[in-house]
Structures are given as C-alpha cells and as structure tokens.
Amino acid sequence: MNPRQVTQPVAPVDAAPTETLTMAQARRIALAAQGFHDRRPEPFGATMRHVQRVIDRVGIIQIDSVNVLSRSQYLPLFSRLGPYDTALLDRARDVAPRRLVEYWAHEASLIPPATWPHLTFRMRRAEADSWGGMQRVAREQAELVATVEAEVRAHGPLTAREVESRLEHDTPRSKDNWGWNWSAVKNALEHLFWAGRITSAGRTTQFERRYAAVESTFPPAARAAASPDNRPPLEESFVELVRIAARAHGIGSELCLRDYFRLKGAQARPAIDELVRLGELRPVQVRGWKRPAYLHVDAARPRRTDAEALLSPFDSLVWQRDRTHELFDFHYRIEIYTPAADRVHGYYVLPFLHGGELVGRVDLKADRKSSVLRAQRISWEPRVSPAAVEALGRNLRSMADWLELTDVAMP
C-alpha cells in the first residue's frame, strides 16, 4: 500500500482559551470586523470600491420590506459610509457582473454570488422547511411548477405578476381547473427560488422580486460553482459559512457564528472545530460572557474607537440579540410587530452607536410629504454624555441629507 494513501489521524482540537479579553476589547474587535473603523469617504463620494469593501466586511446584507425610513438593505452602507448614492447598491445587485444576489441567508438577504452555492443544504430542504403554500404547490401542482420555471428561464427576469400575465398568453388554461391563479404562480416561484432552481435579478421599486435563471444572472466566474453538479459538499459549505461569519464578527460565541447563516448546532460545531484546527479561529475567554468565544486570527484589535452610527434594526452588528446584550449591555428588540400600545421605544427604532457603545434608541420616520426626518422618540441609556447627544444630532442631519429631506424634527 502506498503510505501516502493511508489516512492520517486527525489531531484533537484544543478548545482551551488562549487568552482572556475584556468586554471593551471584544467590542472594538467586533466593530472593526464590521467595518466601523474603516475610513469613510466624503459625503456622497463613495464609489463601488467602498460598497465592495462593506460587502467584503459583512458578507450578508439583510432585506426587509418596511419603508417608513428607507429599505433596510440601504441602511448598513449608510451606517458605515455616511451619505452615499443608493444606486451603487442597486447596481451591485442588478447589473452584470453582479456583486450581490438574493437568497435566504440570514433572512432574505443579499450575498456575494460565491456564497450562494454554499447554501445548497437549505435549497435541498425546500419542500420541508419552506412555508406551507410553497410546499403544497410543489407537492400538488408539479406541472405548474415546471411550467413556471420554463417561463422564467425563457423570458426572465420577470415579476410574479409578469409571469402570470405571460402564462395567460403563452399557455392558456381553463379557469374551471386552477387556471393561472396569482397566488399559485407566486408560490411556485417562491418554491423554485427557495430550491435554488431560479434566482432573483433584483427588485422593482414596489419591492417585487424579478425572477431569473441562475445561468443568466450569475457572473461567469460563479456560474460553474452554482451548477447543481458542481456545488460543494455540505461539510465544506458549513466550514465556509462559519468562516464568513467569523471574519464578519471578529470575535463571537458558537451562537454568534451559527446565527449569521442560521445554522444548526450540528452543522456549525464541526465547522468551528475545523477552523480551530486550521488555526483560523482561536478559543478565547471574554470577561462577562457566559459562553466560550472564538477570535478570528486576522481580526483587527484597535486600542480605541470613536465609531458612531445610526444602525438599522436589521444591521448585522445587532441582529443576534443575545450577542448585542452581552457585548454592549444593550437590550434590543424590534417592535414593528408589537401592538402600538405595547411598544416601549417605538415602531422603527434604530440603535445609536457612539464611542464604541450603544447609547440610545431613536424611533425614526422619513416624512417625505413634509420633507422632514422625524425622530418621534429618543430613548437614552443611563449616564449618556453630552457628546453623544451632540453626535446624534449630527448623525440625524447627515441621514436627512442622505434621504433628501430638508429638516430634522426632534422631541
């Protein structure tokens, strides 16, 4: 037997902490990893290079339909770049060669095309994990699903309504059967999107997905990896997803690293062990954290921070609430779906970052009719400094300029 063919035993992973960090050190590491220590361009001076820098830092940009202030995908770039032209992000998503594509990563999210094949494990479970309407149409109307897929491949990008309209013309059906019922077509499209059989080529101004074939949407370099025959093994994908999360966090617990792509413990733990074995992660202890922590080997370790920013409720810095509480001693919950009478801080509440700490919450609304950015309620943490109050006013004025609003109204 060739000795090079003998499987070598894998050394056990040493999970003992290599050092102890203070909470302040961990906060600075996390902020640097998320891009809050990167130099900002001049207002409205950002280029695609700056947008790409943010993409490389965070790895995922979450999408949400609420538009009381701005669509959520635009806010993380504002928080890190200041006022910028949102058309840059649209171009990164919609124009070839696309730097971002949409999929269920954390939630509905924009991710680099190279990340998409690593979510095959989620695509494979489209009929088990997706919503009921999608599962039913996949089980009960396979012919419809196949017809919808063929229509998108032949004529996409198309919205759900455009697919329905084209099917009425291209493949007429009797209405005494199921016809081209819009919700059935929409469920078929969403099933195909979840299963990775089609993708999104962007969104309309009404926030409708524009469904398209993967082959016609992905950049050439990413098409081969996106092919079902070429997608990586699941274990390799879990390692890559945890690797992205680890770089984006700088430092984090298993829960932090799992939650970034909504992995299960059985999927994430072997991947974390592998990254420890490879030397990309180091077990450390953070004073005040209940859970073991992992430090990325390339994480920057600033000695101070003057970062300040208004943060989207869907910003990757704060979307894992246990992490936010442990790291910043800041209890944060989204109250959009809470009845108005039961809300504590407001409807669309943005945490305010100042001096490396989360020091307040601002319930914001873009009153476009009156051209006013309205801070409907401001809630400060105890012992807030006058400098933080002044900084909030400065950041609100900057946001108003970005949103092309004339005035700022504060309580």
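The second largest pocket of this predicted model holds about 250 Å³ of space. A pocket here is an open set of points on a 1 Å grid over the protein atoms alone, with protein on both sides within 12 Å along at least five of seven lines; lining residues have an atom within 4 Å of a point. Its volume is the space filled by probe spheres set on the points, which are joined across faces, edges and corners. Of the 13 residues lining the second largest pocket, Glu357, Leu358, Val359, Glu381 and Pro382 are the closest to its centre. Strand 12 (residues 357-367) gives the largest share of that lining, three residues; strands (E, at least two residues) and helices (H or I, at least four) are DSSP runs numbered from the N terminus.

The largest pocket holds about 480 Å³. It has 21 lining residues, and Asn67, Ser70, Arg71, Tyr74 and Thr86 are the closest to its centre. Helix 4 (87-94) and helix 17 (386-402) each supply at least two residues of this lining.

Arg291 is partly exposed, at 32% relative accessible area, a class between buried (under 20%) and exposed (over 50%), computed with a 1.4 Å probe on protein chains only. Leaving out residues up to four places away in sequence, Arg291 touches Ser253, Leu255, Asp322 and Glu326, where contact means heavy atoms within 4.5 Å.

Residues are numbered from 1 along each chain as its sequence is written, and side-chain values use heavy atoms, without hydrogens and water. The model being predicted, local features need pLDDT of at least 70 and side-chain atom pairs count only at pLDDT 80 or more, whereas totals for chains, interfaces and linings use all residues.

Note on methods
On a 1 Å grid over the protein atoms alone, a cavity is a set of points where a 1.4 Å probe fits but cannot get out, and a pocket is an open set with protein on both sides within 12 Å along at least five of seven lines; lining residues have an atom within 4 Å of a point.
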